[in-house]
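Thanks for coming, everyone. Please take a moment to look at the sequence and the structure before I go through them.

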Amino acid sequence: MKQPIYYLRLMKYISISLTLVFAVSAMVSCIDDDPGIDPDAPVIQAAEGSSVRGGETLEVTFTVIAPGTVSEVTVAASAGTATIINTDDIVGTTNAEATVSYETAADISGTQTVTLTVTDQQGKSTNQAVEVEVFAPVNYGMALVSGAGDVTTTFLQGLIDLDLNTIDNSSSTELAQFAAVYSDGNALFTAGFGAPATMGKYVFNSAGEAKLDQEIIVPGSSSFSSVEIIDENKGYATVGGGLSRAVQFSPSEMRITGEIDLSSAGEGLFYSDMIVRGNTLFIALNDFGGSGEAMVAVVDLQTNTLEKVITDTRTSTLFGSLTTAIMTEADNGDIYVQGSGLFSDKPSGILRIKAGETEFDTGYFFDLTATVGGSCFGLYHFGDGLTFTAVSSNDDNWFGFDGDNPAFRYHQIDLAAKTDGGDLAASLPNTFAASRTMFFFQSSDDEILFPIAGKDEDAIYSYAIGSGEVSKKITSSSGYVSGLVQVN
Amino acid sequence: MKRLSLFFAIILVSSAYTYGQNASISGRVSTTDGGVIPGAYVQLNSDLATVADEKGRYAFNKLTKGDFVITASFIGYQPLKKSVSINSGQSLVVNLSLDESVTQLNEVTVTGQSESMAIKEGIASVSLVEAKPFYNRSINAPDLLNTLSGVQVRQSGGVGNSTEISIQGLSGRQVKLFVDGIPMDFLLPVEELGIGASLSMFPVNLMERMEVYKGAVPVALGADALGGAINIITRKDFQDYLEISTEHSSFNTWRSTLSTRKFFDSGFTVGLSAFYMASDNNYMLDDVKTINEFGNPESISTPKFHDRFRSYMVKGEAGVVNKPWADQLLVSFSHGDLYDEIQHNFEMRQPYGQALNLATTYNTSLQYEKYDIADKLDLNFYLGYNRIATSFIDTTRNIYDWRGEIIGQKTYGGEITTSQNNLNLDGENLVGRLNVNYKITPTTSLIFNGVASHFTRVGSDPVAAEFYGEDYFQNPVYVDKLVAGVGLEKEFLAGKIVSHTAVKAYQFNSEGFIIENSESTTIKQDQFQPGFSQSFKWKANKYLLTKASYEYATRMPDRIETLGDFSAAINANPGLVPETSHNVNLGGLYKRKVWSIEVNSFLRRVSDIIILQAVPPPVLSKYENLLEASITGIESEVQYKPWHWLTVRANATYQDLRNRSNKINSGVSSDRYYGARLPNRPHLFGNGELQFSKSNVLKRGDQFQVWWSVAYVKEFFRYWEIDGRKEDKLTVPDQWLHNAGIAYTGWNERATLSLESQNILDANAYDNFRVQKPGRSWHVKLRLFLTKP
């Protein structure tokens, strides 16, 4: 039996507690009742979540409600220039949509604010700020392969321009595997080496960092073996490792939109490179010298079916890699295909598929071994007799097992004349073209860039189209440059 | 008449002799703690001998008066000599108490110590873990190794999955494993299936202990170990016993062992041991990807499939012990079998649904051991013939997703290889080992150890042959190895300082084939490499023991590195040179009654590290000599046992692995990575354990144990630390894994029932990037141990 004093104490505690609760509630209530807010003042509403690329212009819309009639409306931005497009439509009204043109600063990225201020005829003023994420104005995507020993991988970064002397990977995104890079003109795409075949789409955020947006994965395949992106709506990718398939995909939506069965082309083939001409897709087939002939699959893109495989015995082994092209199209529509001759007794050479035709041109063969002096890797054509390849001076080190002695030298060749223009520049160091990197990228009407993965230095070199002068442009301190694409 | 005279003469002489032989010597052979040693060999001078009976009793009767030397010996104990004099008619009782013996590996005699303690306090820098305290627990060999400081075991999944062991920063092939002093790769498919599958064929209940040599590897372990060695000592109970254990745990895992031995009065002994292990390894995987109709990944959680593992082994042994001509002469035969489903690729990105490895082993051996075979000379000899047959089956064209569903078919090739494989390899090993220990003076010993082996392998793969047009595996491969070492051990200052100097020689001859332009060509390799080590031990006082060692260590290129492995698209490279390392160790042990602390520091400078230079198949990859590296580190272990019912143990290891390659040896064009921390290797890790043990809980003589242990590995980078944006580098994250268990032993110490939970907090566990290990698991184990009372 509890004593009465117990209940008295209990009542006391309950009373004190209730008093405290009421007191706190009252204080909170007072805080909520902000006496500074005028219900008749203008109200501004705006949607959040806008984003724009640095240097570009974005329209931001505000909804203005002013019971006291708008007398003045102004806008300000934390960086860049903000202008109200329709001031006349707003002033003098009680309800309007204000459209602000926000022109971002080209050199400033990150989260910026656009603030609209409205004053009514009673002098009551309200402002509303909208956050805009300004992406760094990345124009180029670059891939570096960094690391030593058997621990190497690919690093991605965005560049505003290519006017650089040095490059490193300190602001790069680390990938979990070696990957080649491609572009649809808007984003960066990677095709990773290793099962399953994985293609990544990367966009550059406000800090210019490459961020994974979406992936396409083909289970069961060992890797994507070649990628050809036509535009933002269509691309093709072949997969290696037993699937005998090419997929058609949408780069913008990042989804597979079709498939091409290549199984009738043969087993154990590696799809070295692709090129699209009109409604025909040509796929270089590499059988590692098994047949002793060059093979190209011809695909009808209207039906996505393999039409035929064309062969030629004058060269063999269409050896390519994810990063390097061995097929190129001339301005007149002729397609040139390079054979390495590896693993066979055939010479390295270039075959032609003439414009409008889907067979090898029996009247054309450019014997690279005889003319250039060795087996060749990579084929890039920029018109007017301007074609580049790399010639191996030591086929035993084609795959770079001897890391001390790169064996490839860049040569300029003439496809029409079937002549060797010699070293691209005598001063150029040797490069590990087949085992590390090789590409040619036209950065402007005047300049073509290409990488050197050398014994003593990794760099991007420049070839001046007008003069033919070669000079070192960008030195990498963090590994060799495996890819360079334009993303804007 | 002549015959009759002779008969009487014999009777007379015999009678006289018998009259003089009325004395006797008898007694009991026991351990220092009073236990009897049945079967102990007791010798009187050099002409009489007997074996102690089941109560340890012996007797020599009908002796004439005179001086005698009685020698008692038994495997596992130090021989004991006693000089006695006896008069006619006297019956003398001489009880003989034997100390447990020390190992022959370090040749240090420490009276009154257990063998383990003697090894620990020997000259070698060694950590060891006794298996016996873990007989009641649900623990496997890699987990047991992981409890040691300086040792890191990285596993790619559950039971039987691929495993890499690191000792003070060196790992993989640089660490050699032995079974009772014999290189494990002679006995098990280490090269074909890896350490993980091979270690899984050694259940803890069939081990006596694991010795981990971290500094100079003892001469007695005859192998080219660059970065330390692990010697698994199998169980050798010198008593009649029968032990059965069985364990069932999560993911449908079963482990059962049987071990028994019988000694007969004649000195004949037979033993049988067997184990069976099986697991579905179907633990839950998180965040694995299924692919939708548009090719986009969708994250799911699903049980692991196609990762079943099963192995068994039966070993029979017979021979004699404690004979005048042999301490032991044993013949053994064992047969093992292994079934291992391959579930995914290296970084767990692609699941497989049918690929698997199989292995079958047959081992026969003859082992002879005699202490004091001649004056001051001990001899140990081993001869073994082993057959290891392995199969790699990758024949399906089905494509599986992580749920185990078939989602498509390839047009050619297997799940893993371009060709499809049904590869059968048949390897045969003939190995001999001779170990001789000669005591030049009471303080000086000379040790010789030689291991010679001849390996031959031939195989077939009709499926791959169909793809390549030729069965390359039918080309035979030969490897001959000779590893010899001589060590000189000398004591100074009454044994306070001990020096051990050793020279070693490694000879490697191989013949195989290289594939060039789809044609095979025979290649040969012949290599010789010397080695050297110097160790010191200083017993400063009864509490403090310090050790220092230096070794110029070598690892010869192994069979796959030098001759290639066509099934893995690796070509031969006969131009490889051996990996070498300068290994320095300095450490000390301070031991008081209830606590001890051990601190060891280490330094390694490794050259010509052999690394796989991978290129896309079917172009064949190749091993090359590339990086040089330095390793500095420190490790420490503390043990505290304030009361008999409480044991606390903790250790930690910090190791700093740095690249010391110039650009030429790194495969890069600059010295950017010189001095950089090597990636994908943990640099800080440790573990600890708390154990309570209480006897007489429910009944007199019973025992109740509770334990809790934790293992920690600090986050480390997948790729080079100096590369890329720091905020989102790929890492193997921090790990804290907790285990806890209880065990009750009753029925006169014959039966133990234990319950254990591993990874009890169900933490995400990774040893390798993206490769998930099991979450929380539950284990129940029953162990029965029967021996003569």
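This is a predicted model: local features need pLDDT of at least 70, side-chain atom pairs count only at pLDDT 80 or more; totals for chains, interfaces and linings use all residues.

Which side chain meets that of Arg725(B) in a salt bridge? It is the side chain of Glu209(A), with 3.4 Å from N to O, where a salt bridge is a side-chain nitrogen of Lys or Arg within 4 Å of a carboxyl oxygen of Asp or Glu. Between chain A and chain B, four salt bridges are counted.

Residues are numbered from 1 along each chain as its sequence is written, chains are lettered from A and ligands numbered from 1 in the order in which they are written, and side-chain values use heavy atoms, with hydrogens and water left out.

Turning to the interface, 58 residues of chain A are in contact, meaning heavy atoms within 4.5 Å, with 53 residues of chain B. The buried area, which is the accessible area (1.4 Å probe) that two parts lose on being put together, summed over both, is about 4600 Å² between chain A and chain B, and carbon and sulfur atoms give 54% of it. In chain A, Glu174(A), Ala176(A) and Phe401(A) lose the most area to chain B, together 16% of what that side buries.

As for chain A itself, its C-alpha trace spans about 105 × 75 × 50 Å along its principal axes. Among its contacts between residues at least 6 apart in sequence, 50% join residues at least 24 apart.
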